[in-house]
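This report describes the chain fold, the contact between copies and some local backbone features. The sequence and the structure come first.

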Number of protein chains: 2
Amino acid sequence: MAKIADIYFKVDPWRIIEKGFDPAYSRVSESVFSLANETMGVRGSFDEGGSVDSLRGVYVNGVYDIENLNKSYRGIVDHTHFMIPAADWLRTKITLDGEELDLGKAAFRDFERTLDMRAGTLTRFFVWRTSTGKEVRLTFLRFLDMIHRERAYQRVSMEALNFTGEIEFSSGLSFDTRHEGYRKCFWTDTRTQAASDRVSMQSRTTLSGQELFAAFALSVSGEACSMCGGKTVDIKTSILLRQGEACHVDKKAVLLFNGKSGDALWTDGANALDASENVSLEDALQAQREYWDAWWATSDIQIEASGDENREAVAAEQQGIRFCSFQLAQTYNGGSMRHNIGAKGMTGEAYNGHAFWDTESCCLPFYLFTNPQAARDLLLFRYNTLPMALERAGMLDCKGACYPIATLNGEEGCALWQHASLQLQPSTAVAYGIWHYVHLTQDDAFLWEYGAEILLQIARFLYSRAAKSSKSGKYGFYGVMGPDEFHMMVNNNAYTNYMGKRSLAYAADTLERMRTQCPQAYAALIEKTALAPEEIAAWRDMADNMYIPCGADGLIEQHDGYFDLPHTEISDIPVSEFPLYEHWSYDRIYRTDMIKQPDVLMILYLYNSSFSSEEKRTNYNFYQPRTIHESSLSPAIHSILAAELGNMDDAVRFFGYATRLDLDNYNRNTREGLHITSIAMAWANIVYGFAGLRSDTQTLLFAPRLPERWKKLSFSVLYRGRVIRVCMERAGTRFTLAQGEALPVDVYGRRYTLTDELFVSAI
Amino acid sequence: MAKIADIYFKVDPWRIIEKGFDPAYSRVSESVFSLANETMGVRGSFDEGGSVDSLRGVYVNGVYDIENLNKSYRGIVDHTHFMIPAADWLRTKITLDGEELDLGKAAFRDFERTLDMRAGTLTRFFVWRTSTGKEVRLTFLRFLDMIHRERAYQRVSMEALNFTGEIEFSSGLSFDTRHEGYRKCFWTDTRTQAASDRVSMQSRTTLSGQELFAAFALSVSGEACSMCGGKTVDIKTSILLRQGEACHVDKKAVLLFNGKSGDALWTDGANALDASENVSLEDALQAQREYWDAWWATSDIQIEASGDENREAVAAEQQGIRFCSFQLAQTYNGGSMRHNIGAKGMTGEAYNGHAFWDTESCCLPFYLFTNPQAARDLLLFRYNTLPMALERAGMLDCKGACYPIATLNGEEGCALWQHASLQLQPSTAVAYGIWHYVHLTQDDAFLWEYGAEILLQIARFLYSRAAKSSKSGKYGFYGVMGPDEFHMMVNNNAYTNYMGKRSLAYAADTLERMRTQCPQAYAALIEKTALAPEEIAAWRDMADNMYIPCGADGLIEQHDGYFDLPHTEISDIPVSEFPLYEHWSYDRIYRTDMIKQPDVLMILYLYNSSFSSEEKRTNYNFYQPRTIHESSLSPAIHSILAAELGNMDDAVRFFGYATRLDLDNYNRNTREGLHITSIAMAWANIVYGFAGLRSDTQTLLFAPRLPERWKKLSFSVLYRGRVIRVCMERAGTRFTLAQGEALPVDVYGRRYTLTDELFVSAI
């Protein structure tokens, strides 16, 4: 835990504020000031571009292109796909006396950039001083419409402070957007239509053949003309600035990606632009604020400091946890079941926009307790991509469905075979996600219509991928890599075996329940999947006879031979060697007992009620000192278990950077984009960790443990139609049923019935 | 052993004959008819090219170019190198009445192509019938000079059978040679000088910047002109063919690659061409024949059939073993310590011309007993490339020297990290090779001057790469892949641990002996390598405490957890699934008890005298049924051990295709080139297997066991200045000391002194 905060932004309960501009921090700021509305995302880059260091990213969810790879061996992907920058609708140029605004070169003062998490807006203002001494106050506002998700807005306000005169203003749209990693533009065959106050364009990706419509209307009065060049169109005009009088230009943009192409898309796009023009920017902004007000009302986590000496630190945590919630809600909120959650959302090119098993393992709890419909839609993404998972299993000489380790479209997008072929956790995570969703929502209709089929095919995959030990006759998974990616091609990885066992059993349970509870759907499913009668029994047998490497002392061996491995004393590794993947020879990380993230502790977290406190303590004490936390998921798991075990020192220590991972650039790579899926664990760290919520039990279970420096922690959860407010204070915790019928809850192991309000004293 | 012969060539004791031409077999024939003289090699492609399927390869030993790879992780190579086709000096075009000779299109008869292993020549003749009915008998002869290795010869003989008239003859030289795999030509900046009877050219490789001089002189009378175009020059002339009178054109080519460049190389090249012109083709041919006569006199293995019913099969074996010996001697014979032995020699692009650990593990015994100077030069290649091995160890965060798994120039050329980073057998094989060479030759001078330094750096590498088990405290190698490439990233691989143990001990022994026997050189070495006093003791300690996974029953476990692995019943795999790497998902081969080649049996072969018969039997019986022989090295190891164990059925069965692996295209990939290093094992299979030679003992040991179908097997070995002829017959074996002083030999475990002749009855 040698990582330390790199403090740059101002602390504020609801806003992220950058005062003054440090060019060296430019890309970090761009990431932190990202906006998204699930359908599209945009990094906080300067509208006017210029020579500052920048990854100028405008992304549309689901838009990607393809790279064909050299043919290698069977089962290794021969092409991959990756998110590409979409149409740049923020393009703006401002010129005064022939001098173009460029904050990399110009003189300026009073710079301030603010992300407002209650309004969902990004604002930037500063005073630009030209070389001739003229001063203009410029304010840039942007937001992405959370309701009409194809819509985006920009307002540029200008005020001449010490002169009256013309300013050249140019606002454009460009498909000439370059993928930084691939160093090229993937857009081709661009169609353009331009007038003096509006521009429409449509273009196609090179190999994936996706079409995107992009357009904008500009509130210009007076003479304007459009200039087309290649894949870029600009509208240029002159604006008379009168000293002391602010004026502004509004840009209403539309980016439409609806699966259509050609004229059909063009027509839809034109209609969308027309509809957008009927709403004023002020009205759109008001609607946006109402959207977020409603969202925060159920999703906010509030923290108060226990004393003056903690006020500053806790204020930073409060801001941090809100930032996490805000970014998660921006990135995904169930707008479409075609979307998933990229590891970096739509905030950068790193990880190619791919979603990983993080979705089910890290993000799903957040949605289950704040937006169950979004959780359902995430699972429907897996249903919709089941055909690709079936195909992938075939490529691996297996049956059933193998879910990809990294994907945008359902296909395996990871070109590193050692991850794509050996990591089975995406498939078991999908099974777990279905179980978790159905368990919490009791949405059997989903299970019969979608879940059961996925579970069946995952069980088939696992059954075909597992094998029997020559010696013990027990089943296990051989040649795998668990979530701990520091051990490759191991046998009987505890996580993989345990999750496989539970997935097989749950698939068998589900199909057996379905046969009696929903026989017609069951019959249809049997026919559709050609399920042989003996298959379910075979899964059950495998689940019953799955090898779980656990000794009499309850200590689980992470995989065969793990206890024999040479020891690495983690505290002896110099800080200069982090991140290890940049400083250690690739193969070197794979041959000691050092682990990246804790496979065994992950089981204890996911199936918490299946293990005794003693088992948790034994395994926590063994694995904690061997874990290097090179995955940002790892500290939160430790913190949650430490809290449960009453080890509040560890709980607080591992919570350390969870809430401000990106705000304080702890991993020194926020410039590449936000750790969207990891910050989901900040929510879990608080709700599962300090409130002790457990969701794998039949009733909800709480065991609040307030860190010393907090006076108060409060949040709400949605659960089976109820809204439960939880307010933890030093003396005890007050549970309020804000909505819905009475329900039983367990607090500190005692059963209560929550009707209106319940207070349980702290222990 | 589902592989079967694909019989095409005629059986003959000293020649490989193709009668008639099957275009579908074109590439296989090109490989089989390859010529080489260590310095250069040429596939048996048609001189005139044409539309037949062909991999037209002319190679010069050590000439390669480079590909820069995408940056990935530390320790993974960022560029690789590969043999490229050199200048095509065989280029010939023959045109009659405007019709160009092309055996892919033309009518022809009486086609015969013959490789003469006593002359070292390739001859091809046929009668060409043009569309107008004219018939010309054409004979093409070629050979590569075994003495002046920059020289190569071609003679084209022509005889008009039914007409008198002019024929257009064009002979050229071209650097416009395309690498088939990369689909491009790597030669650039070609300098050319052409006259009517000679052409000189010089060109440079693109990234490696190597320069090659190529030239030829042509015996043309009458008018001729040279035509230059790009990187190609042709000399064109008309030749009057008189009916029934044969005439010929001789081409004397020179390919000079001597490390020089620019004018210096050009001058050397011009001189080399002049020198070549002073010798007639007939004289060169005579010298060639004498070279091979002398070579066969000491290196031939002769087999006779035990009865008429075996005559045909044994004649094929006789031809096969001669072909193996001939190809090995062509490919490498100690001409330069800058050369090594590519897995496919200079007979194709597959394996990039790279040499592997096969050199020390498969090929060295052949040279040790037929050409010890060549064996020494092979080891000097490792000395000369020690700097690269030091650098490679550093890339892997290790100390000392890590020898590459695949190389032409000493750098690691393998872009697959799982092989390049996890396979330690190249380094232990070099240590073993030094031991084997010094043990047999008693060449301590070599050891003190070169060997000790290599051994020291290999020991350092092994010491830094090994680690201690957390549980047992024993040393072992973690995260490795043994020669059995069907198990990756395993711990305590028996082969790696055992070879590591022996290498460390031998390095310690050597340095200790050097300190007393050659103190000055020792002092210099200590200084050069900054050897710390405690290092040798540390190696000794590691060797003494190296974990060898062997049970009380003597059964060695191939690696930790091997006995637990799921079983694959090899005989259940359908023949249609071979080769497995084309038909099985890449990861699937890594997770069962099926092995590619037998690591444990390999130890028993290399350190034969260190294991009891019972240990050998136990391990042979266990591993033999689990081995799929996807390495062509594997069957010979089995055959040798089976013969030792008296299991002659297995010995003969596994010997099966050893001698005719390529002649009968057993692996169905001879088209890609010859299995040069594997065919070295055919020699070992006979000498170690059926003659029972053992060379890891203090005296030479024989235990002749003649297969039933052989009446007689005879061969010679060179050993410490002696020439020992061995002649095995049914009744017994006659040992003749053809040269040198008397020496003790062990036969069937009894000590004899071989003075002139010794006969030992069969047991």
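Where is the place of B:P579 in chain B? B:P579 sits in the loop between helix 13 (533-544) and helix 14 (580-583) of chain B.

## Basis

This is a predicted model, in which local features need pLDDT of at least 70 and side-chain atom pairs count only at pLDDT 80 or more, while totals for chains, interfaces and linings use all residues. Residues are numbered from 1 along each chain as its sequence is written, and chains are lettered from A and ligands numbered from 1 in the order in which they are written.

## Chain A overall

Chain A has 19 helices and 31 strands; helices (H or I, at least four residues) and strands (E, at least two) are DSSP runs, numbered from the N terminus. With a radius of gyration of 27 Å, close to the 27 Å from the globule rule for 763 residues, chain A is as compact as a globular protein of that length. The radius is taken over C-alpha atoms, and the rule is 2.2 Å times the number of residues to the power 0.38. Along the principal axes, the C-alpha atoms of chain A fill a box of roughly 85 × 60 × 55 Å.

## The two copies

In the interface, 36 residues of chain A are in contact with 36 residues of chain B (contact: C-beta atoms, placed from the backbone, within 7 Å). The chain A side has 17 nonpolar, nine polar and ten charged residues. Ala, Val, Leu, Ile, Met, Phe, Trp, Tyr, Cys and Pro count as nonpolar, Asp, Glu, Lys and Arg as charged, and the others, Gly among them, as polar. Because 100% of the interface residues of chain A are also interface residues in chain B, the copies meet through the same surface.

## Helix packing in chain B

The axes of helix 7 (residues 386-395) and helix 10 (residues 444-465) of chain B come within 11 Å and cross at roughly 10°. Axes are lines fitted to C-alpha atoms, for helices over the stretch in contact, with angles from 0 to 180 degrees between N-to-C directions.

From helix 7 of chain B, B:L386, B:A389, B:L390 and B:A393 meet B:I454, B:Q457 and B:F461 of helix 10. Six residues of this contact are nonpolar, one is polar and none is charged.

## Strands of chain B

Strand 26 (residues 710-719) of chain B pairs with strand 22 (residues 302-305) in the antiparallel sense over four bridges; pairing requires at least two DSSP bridges. B:E304 has B:K712 as its bridge partner in strand 26. Eight bridges join strand 26 to the antiparallel strand 27 (residues 722-729) of chain B. In their hairpin, with two residues between the strands, B:R720 takes a positive phi near 45°.

## Backbone exceptions

Most residues other than glycine have a negative phi, and most peptide bonds are trans. A:Y351, not a glycine, has a positive phi of about 60°. A cis peptide bond joins B:F578 and B:P579, with omega about -10°.

Key
Two residues are in contact if their C-beta atoms, placed from the backbone, lie within 7 Å.
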